[in-house]
Amino acid sequence: MISYINQGITKLIMLSSLVFSNTLQEAYNNAVPMNGYQKYIILNQNTTYFGGVGIFEETTYIDGNGAIINLDNGLGIWAYCDSTSNIVLDISRCTIINGSEYGISFSGFSSGQIINCNIINSNYGLKLFDNSDVIIKNCNLINNETYGIGIFSTSPNLLISYSNAWGNGENYMENCPG
């Protein structure tokens with residue numbers, strides 16, 4: 001009887017470790033395909049997720065549900081795509097804080113949408129490179145050290161609407177030297 005209880009407790013602990021990830025990388029690793037995305041990450045609003053993640057293989061959606069992603073002075077959340085693949089990173093309803101280089105970055109031919117998010121206290125809130133194509137809507141870019149949004153090179157496309165920026169070194173910079 002005790003053996004069955006211990007096995008049940010062990011299974012419960014293993015299941016809860018999958019459901020209640022402590023890092024964004026763990027949440028990414030445990031994500032399953034859903035709604036047309038190869039990785040569909042659903043965050044718990046009562047949890048702070050630590051660390052960033054790099055997207056270079058799958059279409060990914062991060063449904064923040066009001067959660068905090070504390071990059072813990074790490075690089076950030078980034079998407080890279082070469083011209084032969086279709087990498088999409090869509091993020092909604094979360095607060096992203098404390099990136100050493102950026103909160104979110106898109107490069108290569110990656111694309112994505114950032115909707116209803118706060119990007120706070122990174123070096124750059126959002127960095128765009130190469131031929132990236134990004135929509136940012138209803139977001140706040142707050143207290144980022146250098147820029148709220150920095151566009152590096154002349155090729156990225158950015159559509160920004162209903163968003164605010166304040167307390168940044170500079171709010172927006174296009175064609176930053178890099």
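Strand β13 (residues 124–128) runs parallel to β16 and pairs with it over 4 bridges, where strands are DSSP runs of E with at least two residues, helices are runs of H or I with at least four residues, and both are numbered from the N terminus; two strands count as paired if DSSP finds at least two bridges between them. Within this pair, Leu 128 has Ile 151 of β16 as its bridge partner. Strand β16 (residues 147–152) has 6 of its 6 residues buried, so the rest of the structure largely encloses this strand; buried here means under 20% relative accessible area, while exposed means over 50% and partly exposed lies in between, with a 1.4 Å probe and protein chains only.

The model is a predicted one, in which local features need pLDDT of at least 70 and side-chain atom pairs count only at pLDDT 80 or more, whereas totals for chains, interfaces and linings use all residues. Residues are numbered from 1 along each chain as its sequence is written, and side-chain values use heavy atoms, with hydrogens and water left out.

The protein chain holds 2 helices and 19 strands, and an open sheet of 7 strands can be followed in the order β1-β2-β5-β8-β11-β14-β17, with mixed pairing. At the edges stand β1 (32–34) and β17 (157–161), each with a single partner strand, so one side of each has no neighbour in the sheet. From one strand to the next, the twist averages 20°, an angle taken between N-to-C directions on a scale from 0 to 180 degrees, with axes as lines fitted to C-alpha atoms.

Strand β5 (residues 60–63) pairs with β8 in the parallel sense over 4 bridges, and Asp 63 stands opposite Ser 92 in β8. Strand β8 (residues 88–92) also pairs with β11 (residues 111–115), again in the parallel sense, over 5 bridges; here Ser 92 stands opposite Ile 115 and Asp 90 opposite Gln 113. Because 5 of the 5 residues of β8 are buried, this strand is largely enclosed by the rest of the structure. Both of its faces are covered, with Val 88, Asp 90 and Ser 92 buried on one side and Leu 89 and Ile 91 buried on the other.

In soluble globular proteins, nonpolar side chains tend to be buried together. The largest nonpolar core in this model has 35 residues, and those with the most contacts inside it are Leu 43, Ile 77, Phe 106 and Ile 114; such a core is a set of buried Ala, Val, Leu, Ile, Met, Phe, Trp, Tyr and Cys residues joined through side-chain atoms within 4.5 Å. Among the elements that each supply at least two residues of this core are α2 (24–30), β7 (77–81), β8, β13 and β16. Leaving aside residues up to four places away in sequence, Leu 43 touches several residues, including Leu 24, Ala 27, Tyr 49 and Ile 62, a contact being heavy atoms within 4.5 Å.

What does a search of the whole structure find for disulfides? The search finds 0, with a disulfide taken as a pair of cysteine sulfur atoms within 2.5 Å. The sulfur of Cys 139 lies 4.9 Å from the closest cysteine sulfur, that of Cys 117, which is too far for a bond. Cys 139 counts as buried at 1% relative accessibility, and Cys 81 is buried with a relative accessible area of 1%.
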